[in-house]
Amino acid sequence: MANGAINYHNGILFCAQGTMERKSALIWMNITAPYETKVLLDNFKGRRFNSLNDLDIHSDGSIWFTDPTYGYEQDFTPEPELPTQVYRFDPATGDVRVVADGIGQPNGIAFSPDESILYVSDTDASYGSTRPATIYAYDIATYSSAPFLVNRRVFAFADTGIPDGVKVDTAGNVYSGCGDGVHVWSPAGVLLGKIFFNSTSANLAFGRPGELFALNEYRAWKVSLDRSVEGTILEF
């Protein structure tokens, strides 16, 4: 039940949502045969995660990830042992802690280009139209030499479907897979336009300059953009 993934240490780090038998976990996979895997993290202080969904990596090496309850809601993981939360994990020290809560179903996650803002999508509207279909923005502040998320605010509300995966380009524009394709907002939260598929887009990823890949449960699309458009994912 692999979900969000990112380049990491000459391999792929992905969110395994888990099953009834296997814990949800952050798992690293080598991209060359025999494709060995390694579990980086599979619990929070002894309690199993719900169903890890998506992740991003800060330039300090820490891994930030979301944990909704979709595995339980879709009947392939046990009853939740933790609230729906956002976490920060430092592989160098082993420290893992909650950085945000109070989100219905935290899903997509991405940093702004200068890493001063963290975007997190709430896909709780999948359980009713009066629930959030919202991307929140948090400022990243430092207290006692540690990062904290402050000043939570609504960045954008998806007018069609829910904002699932989230990515950011080097100009600070925010992209999210929604109910009719990929929606694109300026850093000020202004809807710049839509890449219209007439179908839901779940997650997305930038490729080479001017390339965007988007997918749902059934299809994958390659989108050609201006070559000046590049994603912000760093190489680790």
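How far apart are the mean positions of the 17 positive and 28 negative charges of the protein? They sit 2 Å apart, with Lys (at NZ) and Arg (at CZ) counted as positive, Asp (at CG) and Glu (at CD) as negative, and His and the chain ends left out.

A note for all views: this is a predicted model, where local features need pLDDT of at least 70, side-chain atom pairs count only at pLDDT 80 or more, and totals for chains, interfaces and linings use all residues. Residues are numbered from 1 along each chain as its sequence is written, and side-chain values use heavy atoms, without hydrogens and water.

**View 1. The largest nonpolar core has 18 residues.** Such a core is a set of buried (under 20% relative accessible area, 1.4 Å probe, protein chains only) Ala, Val, Leu, Ile, Met, Phe, Trp, Tyr and Cys residues joined through side-chain atoms within 4.5 Å. Leu13, Leu26, Phe49, Leu55, Ile63 and Phe65 have the most contacts (heavy atoms within 4.5 Å) inside this core. At least two of its residues come from each of β1 (2-8), β2 (11-16), β3 (25-30), β5 (55-57), β6 (63-67) and β7 (85-90); strands are DSSP E runs of at least two residues, numbered from the N terminus.

**View 2. Here is Leu55 with its neighbours.** Leaving aside residues up to four places away in sequence, Leu55 touches Gly4, Ala5, Ile6, Leu13, Cys15, Leu26, Ile63, Trp64, Phe65 and Ile109.

**View 3. Another core, of 13 residues, lies apart from the largest one.** Among its members are Phe155, Ala158, Val166 and Val168. Across the protein, 52% of the 236 residues count as buried.

Notes:
Buried means under 20% relative accessible area, exposed over 50%, partly exposed in between (1.4 Å probe, protein chains only). Helices (H or I, at least four residues) and strands (E, at least two) are DSSP runs, numbered from the N terminus.
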